[in-house]
Amino acid sequence: MRRLQLYIGTERVDLFKDESVSLTQTIKNVKDIAKVFTEFTQTFSVPASSVNNKIFKHYYNFDISGGFDARIKADARLELNDLPFKDGKIALQGVDLKNNLAHTYRITFFGNTVNLKDILGDAQLSSLSFSDYYDRLYDFATVTGVMQDGLTPFIVPLITHTNRLIYNSGSHVAFDPEATINNLYHQGSGSPSQNGVYWNEFKYAVRLQNIIEAIQTKYDITFSDDFFNDATNEQFSTLYMWLHRKSGSVERPTQVDFVYTRLTDLVQTQSQGISSVTNGIITVNIPTNDGLQPRFLIVDLVQASSNPYSVQVLRNGGTVVGELNSVTGNQQLIVYADTNDFQNNSTYTIQIGGVVTFNANDIVVSVTARATSGVSAVDEYKNSLQFGTNQSKEFNIVEQIPKMKIIDFLSGLFNLFNLTAYVNDVGTIVVRTLDSYYADSTQVYNIDKYLDTTKSTSDVALPYNKINFSYKGLGTLLSQQFNQLTNSGWGSLSYTLDGDIFDAPSEPYKIEVPFEHMQFERLYDQGNSPPTSTDVQWGYSVNENLQSYIGEPLLFYGISITNGTDIRIRDTVINNNIADIVDYIIPSNSFSIAPSTSRINIHFQNELNEYLANEPDGLVGGDNALGFTDTLFQTDYKEYIQDVFNVRRRLLKVTAYLPMKVYYNLQLNDLIQLGQDRYKINSMKTDLTTGKTEFELLNTIL
């Protein structure tokens, strides 16, 4: 019998000699393919010995101050025969008492990958911090400039929030500011009042890789470069998220009277370890094991000018939790914990509106926590340089990024690309496609001599009759029209092998990713007969009633057009101020506009490519609209899923008593051999003290 050791932190836990501890492992379960799994144990018991009472701080006694916090999983490590085996987390479930005395502690061990959810919790994308690079003004000059910068981490794509775009070189009417249809045609001569679209119809977008980097920075985690962090990965490297939190224009009702400028210059002048600051964003991280609880955040401002100004404190980048409106002179703004506005594990941003200047050290921000004993801890910050407001609105990325939990963002990407994750020996979270994970191992273990031959089962491996792949957001005008015409969701797929109908014990399985999927439109010059193609492709974020539409977070590929069809962008302030540009970013559902360059796209099934669909030869030749065949299903799901529906597929359940030399090294992408046949591991449950392993195996099909 092998010896099992359990450590919580650096303390070794006493175990019952006869306690059975089972570890269940699965990387992708054929019965529930949309979930990301990790190893876990059944709940087991450890004695309430003096050692364990010390580790769990006599949890049964709730009168103890600063006791063990069972609300948070604790770092833990499993060893077999004194050899490191698994790192993870321990959750304390409770204590069993006998005769009013503690007898056993009930605990559960979780593998490390699952702690992503513990680390991220319910934090929103808006809680992330981005570098100074993203602090752009939202005005005519800046927006039109960024439009022409090419594929940088921060772009302005041709997606409008309200107005429709057309291109008509035969139209030379005066520009109508109230029109909801805007002609992009560049009038080469005559009055510049003709044609164009207002610059504020467009919004910024951020590259998904840079969101991943912000997650890594905030939570001090590292993803491998197998999928994320790989600039050569065509599937991911130029994917962007449109910064579209609300329907319609960027401005909020609270920003009509004042243009707000975010305070980015804050230097810590007093620290007691309850907060930190990056780029002006204060992160509150009060150590609760010291008995401290949030109390309040105070902003003191010294202003000699008589000019009115306003101040806002934003929690997690978007929620206004404190504000002063149209005030003058010295002011104090307090955000209280009693009203639930000042919270632990949150970020706070300060922005000031009006025409004002504050000298260095005239803005003081203090963060205060207090213990039940009455002892307080205070961190203090000041502006080290003179601060002045800007009359152009600053586009605050954390204020405009769509409302979405970080864990839902990552889970959505995992389901979009059929990714899997595990933690390697150095603590890196390895993220890769499922196919590449299985292909990475060539190790085969023959377990014939360890089998319990008294019982095994061979079951039908078809747990559902078909699989539906779709996007949650299909509400924009063109996507809705596509659904009405085809009775199918744009980019969606209902899959069975060869389109056959199968009997299965359950309804169709649904994989729905939490993103918007927009059908884009290439513009044709209506001034020519027949209309001729332009280089412009655009997105229209309205619903069927032509009302501005918010939907789910929109993902798209950015494609840089250089020396393309000339388009006109207009200023909203100076009517005759225009920018005629030939360089811009078009949104796309494919990585490229030519399948000969790349066939990759973010449809689940092959759809007509919007850029080529209406070309005269759009459906013929090598570079045709149906040539973008590397769909999400084709590249990331097909190899795994088509085997599920194969008539020869079986789910074999066997039991084996594995020696430690096998179980210690066995990985979930290794193959199991029985006789002459080889199997993938669907799941395995092992008693760590005896080596008894219950396998669910999927036969490989050649």
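How many bridges pair strand 27 with strand 28, and in which sense? Strand 27 (residues 363-371) and strand 28 (residues 376-382) pair over seven bridges in the antiparallel sense. Strands are DSSP runs of E, at least two residues long, and helices are runs of H or I, at least four, numbered from the N terminus. Two strands pair if DSSP finds at least two bridges between them.

This is a predicted model: local features need pLDDT of at least 70, side-chain atom pairs count only at pLDDT 80 or more, and totals for chains, interfaces and linings use all residues. Residues are numbered from 1 along each chain, and side-chain values use heavy atoms, without hydrogens and water.

Five strands form an open sheet in the order 18-28-27-21-24, with antiparallel pairing. Strands 18 and 24 stand at the edges, each with a single partner strand, so one side of each has no neighbour in the sheet. R370 has S376, in strand 28, as its bridge partner.

| Strand | Residues |
|---|---|
| Strand 18 | residues 267-270 |
| Strand 24 | residues 331-336 |
| Strand 27 | residues 363-371 |
| Strand 28 | residues 376-382 |

**Helix 4.** I211 and I215 are among its buried residues. D220 follows helix 4 and has a positive phi, near 55 degrees.

**The core.** I211 and I215 are also among the residues with the most contacts inside the largest nonpolar core, which has 144 residues. Such a core joins buried Ala, Val, Leu, Ile, Met, Phe, Trp, Tyr and Cys residues through side-chain atoms within 4.5 Å. Helix 6 (residues 406-417) gives the most to this core, with eight residues.

Note on methods:
Buried < 20%, exposed > 50% of the residue type's maximum accessible area, 1.4 Å probe, protein only.
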